[in-house]
Amino acid sequence: ERYVAPPMGTTWVTSIQSTGSYGTGSRQSQSRRGERTWEGAPVITFENPAGTIFARPDGNWIGIYQGDKPIITWDPPAGWQWPLEVGKSWTQSRRVTIHATKTTIPFETTQKVEAYEDVTVPAGTFKAFKISTVNTLGDQNVVWFSPEHGIFLKQMNRRTDKHRQGPGTQNNEVVSYKRGGK
């Protein structure tokens, strides 16, 4: 088992509810699966108005970009250890660079596959892996990832008091999904 990206041109709309350091209020955001070239190699992109996630073909996130300008990058790229299996957990060390402030911060992430279960979101009910993540930066997140669709269907993100941006929550759910043509 390995990561399989959604086909080119796939689009989805996500409902986002934020508090605290994530901002306040509700909004919707449309995302699109695309492709680009980065450092001479093809990358998968997940494009939305806030920025574009560049990911390697294995699904690991290289960074978030605005056009060709990096906003945040991870070294090594952020991702999961495949295959995903209920009960599997792992810890990884990496660095995040915040390009606006030219700040690089080392941190450690621990992730655990909690379940493979039905998750219901406004777009429907889907089978998904429930994966929890905690890191030394002060993030505590739970995502429901659909291997069939190649995206997060639901996310519950929480920044603790320890987070450099302060506490906050952001909850996301897929409202609609349209599979691309490839």
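**A chain of strands and its buried cores**

Lys-127 is partly exposed, with a relative accessible area of 42%. Here buried stands for a relative accessible area under 20%, exposed for one over 50%, and partly exposed for values in between, with a 1.4 Å probe and protein chains only. The structure is a predicted model, in which local features need pLDDT of at least 70 and side-chain atom pairs count only at pLDDT 80 or more, while totals for chains, interfaces and linings use all residues. Residues are numbered from 1 along each chain as its sequence is written, and side-chain values use heavy atoms, leaving out hydrogens and water.

Lys-127 forms a salt bridge with Asp-118, the closest N and O atoms being 3.4 Å apart. A salt bridge is counted when a side-chain nitrogen of Lys or Arg lies within 4 Å of a carboxyl oxygen of Asp or Glu. Asp-118 is also partly exposed, at 48% relative accessibility.

The overall architecture comes next. The protein chain has 0 helices and 12 strands, and from the N terminus on its elements run β-β-β-β-β-β-β-β-β-β-β-β. The radius of gyration is 16 Å, close to the 16 Å that the globule rule gives for 182 residues, so the chain is as compact as a globular protein of that length. Helices (H or I, at least four residues) and strands (E, at least two) are DSSP runs, numbered from the N terminus. The radius of gyration is taken over C-alpha atoms, and the globule rule is 2.2 Å times the number of residues to the power 0.38. Along its principal axes, the C-alpha trace spans about 40 × 35 × 35 Å.

Of the 182 residues in the chain, 45% are buried. The accessible surface comes to about 9600 Å², and 50% of it belongs to carbon and sulfur atoms; such areas come from the Shrake-Rupley method with a 1.4 Å probe, and for residues only the protein chains shown count as cover. Among contacts (heavy atoms within 4.5 Å) with a separation of 6 or more, 39% are between residues 24 or more positions apart.

The interior can be followed through its nonpolar cores. A nonpolar core is a set of buried Ala, Val, Leu, Ile, Met, Phe, Trp, Tyr and Cys residues joined through side-chain atoms within 4.5 Å. The largest one holds 24 residues, of which Phe-46, Trp-80, Leu-84, Ile-131 and Leu-153 touch the most other members. Two or more residues of this core come from each of strand S3 (41-48), strand S4 (51-55), strand S8 (103-121), strand S9 (124-135), strand S10 (139-146) and strand S11 (151-159). A second, separate core of 5 residues includes Trp-74, Ala-78, Val-96 and Phe-107.

Leu-153, found in strand S11, is buried, with a relative accessible area of 2%. Leaving aside neighbours within four places in sequence, Leu-153 is in contact with residues including Val-119, Phe-126, Trp-144 and Asn-172. The C-alpha atoms of Leu-153 and Asn-172 are separated by 7.9 Å, and these residues are 19 residues apart along the chain.

The side chain of Thr-10 reaches the backbone oxygen of Pro-7 at 2.7 Å and the backbone nitrogen of Gly-180 at 2.8 Å. Both are polar contacts, that is, pairs of N or O atoms within 3.5 Å; within protein, one atom must be able to donate a hydrogen and the other to accept it, and residues adjacent in sequence count only if both atoms are side-chain atoms. Beyond residues up to four places away in sequence, Thr-10 touches Ser-31, Arg-32, Arg-33, Tyr-177, Lys-178, Arg-179 and Gly-180.

Finally, the charged pairs. A search of the whole structure finds 7 salt bridges. In one of them, Arg-32 pairs with Glu-47, the closest N and O atoms being 3.5 Å apart. Arg-32 lies in strand S2 (residues 25-38) and Glu-47 in strand S3, so the pair ties together parts that are 15 residues apart in sequence. Arg-32 is partly exposed at 36%, and Glu-47 is partly exposed at 23% relative accessibility. Another salt bridge joins Arg-95 and Asp-75, with the closest N and O atoms 3.3 Å apart. Because Arg-95 lies in strand S7 (residues 89-98) and Asp-75 in strand S6 (residues 69-78), this pair ties together parts that are 20 residues apart in sequence. Arg-95 has a relative accessible area of 41% and Asp-75 one of 42%, and each is partly exposed.
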